[in-house]
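Hello,

Here is the structure for your files. My notes follow below it.

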Amino acid sequence: MKPRIKATRQRNPELALTVSETPNVDGRSVLLPERYPTPDLFICDVLDAIPKDDMASMEHPIFSLATKPDRRIFRYEHNGNTVEIVPSVKGLATIHDKDILIYCISQLIAKMNQGEQPNRTLHLTARDLLVWTNRQTDGDGYKRLRSAFERLAGTRITTNIKADGEEITEGFGLINEWRIVRKTNSGQMSEIKVTLSEWLFRMIEGRSVLTLHRDYFRLRKPLERRIYELARKHCGAQEKWVVSIEILQKKTGASSHIRVFRSMLRDLAINNHLPDYAVEINSNTVTFRNRETMDTVKVIEPKLQKPFVDPEGFHDARGVAPGYDIYALYDEWVSWWNDSGQPELQNPSAAFVGFCRNRHKRNPIR
């Protein structure tokens, strides 16, 4: 196991999350309870996986925000990207159903970080999945889990969104298939076999993923989860991200009237419970300010002496060095770092991005 060093940054304490248990106007906590504060020793390896989400579905509204069966055909276009989502008779896959995909992505990335080869087909333990995503493990929890699998498998998507650099217009399901392999004595699912879509698997192989705060699974409302995804994708580690209310509504996929959408944004800003980002509402814009509470994780392999660059670093590197093979640049940067006497790197990801930016400036690929 690679040694992992965690350092939490919080340079702006005035933006810190302080109201996670503050009651809402209806008397409930604005966040769901943390149902499993004490890790189960038997599933500690599963719980240790850092939540990861694919960038494409964070950017584009692929999942329904409805709490009742949503059987409409949804089409979204923005900056040359198109997405058409067709439901099954069970309805569109929802943002809460996405927990299953986040779990799968996170487990595969954790294995890749340990040097293992990823596989599109995963064998999951139902209880581990429910605990990791902060869901209830009673009979209703298993029933909801089965319904989520049915919607994920039945929802069909046609899109030209790039997967690992390739733009291919194709249609697919979010998961190719799923099967209950084993049941408990009570008849509940115990072990599940899941095969991810090739499109999603390419995202994982290319590490086109971003880290989520664990409190993402404590957000009650579908819109809150969707807005957090967008803030995480667009603001990232920057100081702030400013977006018009109109564009934000379009990106969320929310079908509510603009007045209702504004009201929900105001509630989000007042309660101040969004992980990682504080929300400010102006006349026509929304500002997301980085709380700077995200963990900075460094992983160093002693034998190979390769500074760890997280997925966000590779994502940023692609942006500053278009046309380059980012992994070839990484190997070149590692060689340069070793030849330079392995100087201490406060932020390996930022150092790698700077290296790629300078390379592109000296020799841009047209």
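A salt bridge here means a side-chain nitrogen of Lys or Arg within 4 Å of a carboxyl oxygen of Asp or Glu. By that rule, Arg 218 forms a salt bridge with Asp 215, with the closest N and O atoms 3.5 Å apart. Arg 218 is buried, at a relative accessible area of 6%. Asp 215 is buried too, at 15%. Salt bridges that share partners also join Asp 53, Lys 98, Arg 226 and Glu 229 into one network. The structure holds 20 salt bridges.

Please keep in mind that this is a predicted model.

Now the overall picture. The protein chain has 12 helices and 15 strands. Of its 366 residues, 49% are buried. Its accessible surface is about 18,200 Å², and carbon and sulfur atoms account for 48% of that.

Next, helix α5, residues 139–154. Its 16 residues should span 22 Å at 1.5 Å a residue, and the end C-alpha atoms are 23 Å apart, which agrees. Buried residues in α5 include Tyr 142, Leu 145, Phe 149 and Leu 152.

Glu 150 has two salt-bridge partners to look at. One is Arg 146, with the closest N and O atoms 3.6 Å apart. Both residues lie in α5, four residues apart, about one turn of the helix. An α-helix has 3.6 residues a turn, so residues three or four places apart point the same way. The other is Lys 90, at 3.7 Å between the closest N and O atoms. That pair links distant parts of the chain: Lys 90 sits in the loop between β4 and α3, 60 residues from Glu 150. Glu 150 is partly exposed, at 23% relative accessible area. Lys 90 is partly exposed at 43%, and Arg 146 at 39%.

Best wishes

Technical notes
Residues numbered from 1 in each chain as written. Predicted model: local features only at pLDDT ≥ 70, side-chain atom pairs only at ≥ 80, totals over all residues. Heavy atoms only, no water. Helix = DSSP H or I, 4+ residues; strand = E, 2+ residues; numbered from the N terminus. Expected span 1.5 Å × (residues − 1). Buried < 20%, exposed > 50% of the residue type's maximum accessible area, 1.4 Å probe, protein only. Areas by Shrake-Rupley, 256 points an atom, 1.4 Å probe, with all protein chains shown as cover.
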